[in-house]
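Please look through the sequence and the model below before reading on. The text after them is meant to be followed with both in view.

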Amino acid sequence: MSSSSSLLPGEKNGVTAAWQVADKKKRKKENGANKVHTIKAQLKPERKKKRKKLLMSPQREESLKGFTKDEECANGDGEALDALLADLANVNNSRERASKLFQWLVNPVPAKSFFSETWEKKPILVQRKNSDYYKGLFSTAEFDRMLRKEDVQYGVNLDVTSYTNGKRKTHNPAGRALPFTVWDFYENGCSLRLLNPQAFSSTVWNVLSILQEYFGSMAGANVYLTPPGTQGFAPHYDDIEAFVVQLEGKKHWRVYNPRSEDEVLPVLSSANFNQIDIGKPILEVVLEAGDLLYFPRGFIHQGDCLPDAHSLHVTISSFQKNSWGDLLQKVVPVALEIAMEEDVEFRKGLPLDYLTYMGVQNSDKADPRRTQFLSQIQRLMKKLATYSPVDAAVDQKARDFFHDCLPPMLTPEELSSSVQGASARWEHGQVVDVGSQITAQTRVRVLRAGCARLCSDGEAVNLYYTTENSRVYHKEELKSFEVKAEHTDAIEFLIHSYPKFLTVGSFPCDSTEDKVALAELLFERGIIHTAEPL
């Protein structure tokens, strides 16, 4: 899947500055204007061809030799997802909840060893021989229900794709995706990619909203439904960490090393490759329901269906644009602006004759002035680090993340004790139970460990929060409001005290009236909930 950071202002010494963020990578829509009947006519002959079965080849055996047994395969049993999510709803700390869910995702590989040995380094395969391990996350039946009940739009929510004779094509008509047309595409050999299942599936939403707190980065998902004997996508690499979760059927996967050091942990996803561009796979496997395949960004991959089974899998992704370099893109421009304001060394003029010995046309000259010039640049670059507003840049990254975030899916307990479950209603011709009824004795805490963050914006301090976000990516603007100076200590106190409940009377504010007013504001925005329903 693909998404990107938003454009937001940054700070420097209390002065708002414009911080550039990398532009969104635009997804190309190929053949989007094709007529449906023309596409079907092209695809039907392919569907009628006799499909050959995949055989275990010497190439596949060779490709697995580089893997130890632990790297190639790990076996483990799991807990039914609905039961697991019910158990996690009773976990008091959202950080612990996220940790437990991630461990379930990669079980039996210990999370600690996964991040020390595998994360961003190499693929890993988990084969469980348990087709029900991920049952309940998503299904073809739910896919069909969505097409019938929800407003699924081609190109926005659903892509129809094919990959035949080395050519990848997208066959999206305009408008709403209805079962009559979608299933006809599928029957004619097209793959279906659901771009944002979390907008339609409460279970996928729940899983991703928990995992995003574990990653500290947006967690997204795409669902892929592929007909037997077909392939929907060309070989390529992505700019995300990918967890391929096999839900139904089976799929043949080939994974290839990055082609060069320049493509290790890439900034952007690749174009489509031809087979001759990518060499031999380092891993070739058939994923069955209940299996997991992880590969880092930059690892080329392709999947195709065997002749005897369809495939349904979900790719859970994270860590897009979340590198040291992405952080430094925010730090360096502002650091330079600060340095030029505060340090005369950065304001001194360039040598009068520097154009005569610097630049590409002079790069081969053995001129001592070049050495002196480059030494001065290195000295200033080293000095620039002392002006780097790192905390402000991290807050800028946090704001981007908060904009990307899914809203938390509330547990029954959280719902009953938050503004979303408040008892105000219309009953017997009148409104009843209006008012939050918060007092100094009411015990409260933030709804989730990572749902709110204080950030400085110039002269103001704002509280950013995720509780009013949309399940559709960036459908809503980033949510925040300005915090009074006398309330900042109380909000920090609340955030740092999680998961403990605190009495409103313990807030470090000047008066009881201020304490209650702040608690009411945070409650109304869904940022805090109470220990007991109001």
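The paragraphs below go through the nonpolar cores, one histidine, a sheet with its helices, and the cysteines.

This is a predicted model, in which local features need pLDDT of at least 70 and side-chain atom pairs count only at pLDDT 80 or more, while totals for chains, interfaces and linings use all residues. Residues are numbered from 1 along each chain as its sequence is written, and side-chain values use heavy atoms, with hydrogens and water left out.

In soluble globular proteins, nonpolar side chains tend to be buried together. A nonpolar core is here a set of buried Ala, Val, Leu, Ile, Met, Phe, Trp, Tyr and Cys residues joined through side-chain atoms within 4.5 Å; buried means under 20% relative accessible area, exposed over 50%, and partly exposed in between, with a 1.4 Å probe and protein chains only. The largest such core has 57 residues, and those touching the most other members are Leu101, Phe102, Leu105, Phe138, Leu158, Phe243 and Val245. Helix H9 (residues 202-215) gives the most to this core, with seven residues. Helices (H or I, at least four residues) and strands (E, at least two) are DSSP runs, numbered from the N terminus. A second, separate core of 29 residues includes Leu410, Ala449, Val516 and Phe523.

Beyond its neighbours within four places in sequence, Val245 has contacts (heavy atoms within 4.5 Å) that include Leu105, Leu312 and His313. His313 belongs to strand E12 (residues 311-318) and is buried, at 2% relative accessible area. Its side chain makes a polar contact of 3.3 Å with that of Thr315; such a contact is a pair of N or O atoms within 3.5 Å, where within protein one must be able to donate a hydrogen and the other to accept it, and residues adjacent in sequence count only if both atoms are side-chain atoms.

Further along is an open sheet of three strands, ordered E16-E17-E18 with antiparallel pairing. Two strands pair if DSSP finds at least two bridges between them. The edge strands, E16 (452-457) and E18 (479-482), each pair on one side only. Strand E17 (residues 460-465) is joined to E18 over four bridges, and Tyr465 has Lys479 as its bridge partner in E18. Helix H14 (residues 488-497) lies across E16 and E17, at about 145° to E16; axes are lines fitted to C-alpha atoms, for helices over the stretch in contact, and angles run from 0 to 180 degrees between N-to-C directions.

How many disulfides does the structure hold? There are zero, a disulfide being a pair of cysteine sulfur atoms within 2.5 Å. For Cys451, the nearest cysteine sulfur is that of Cys405, 9.9 Å away. Cys451 is buried at 1% relative accessibility.
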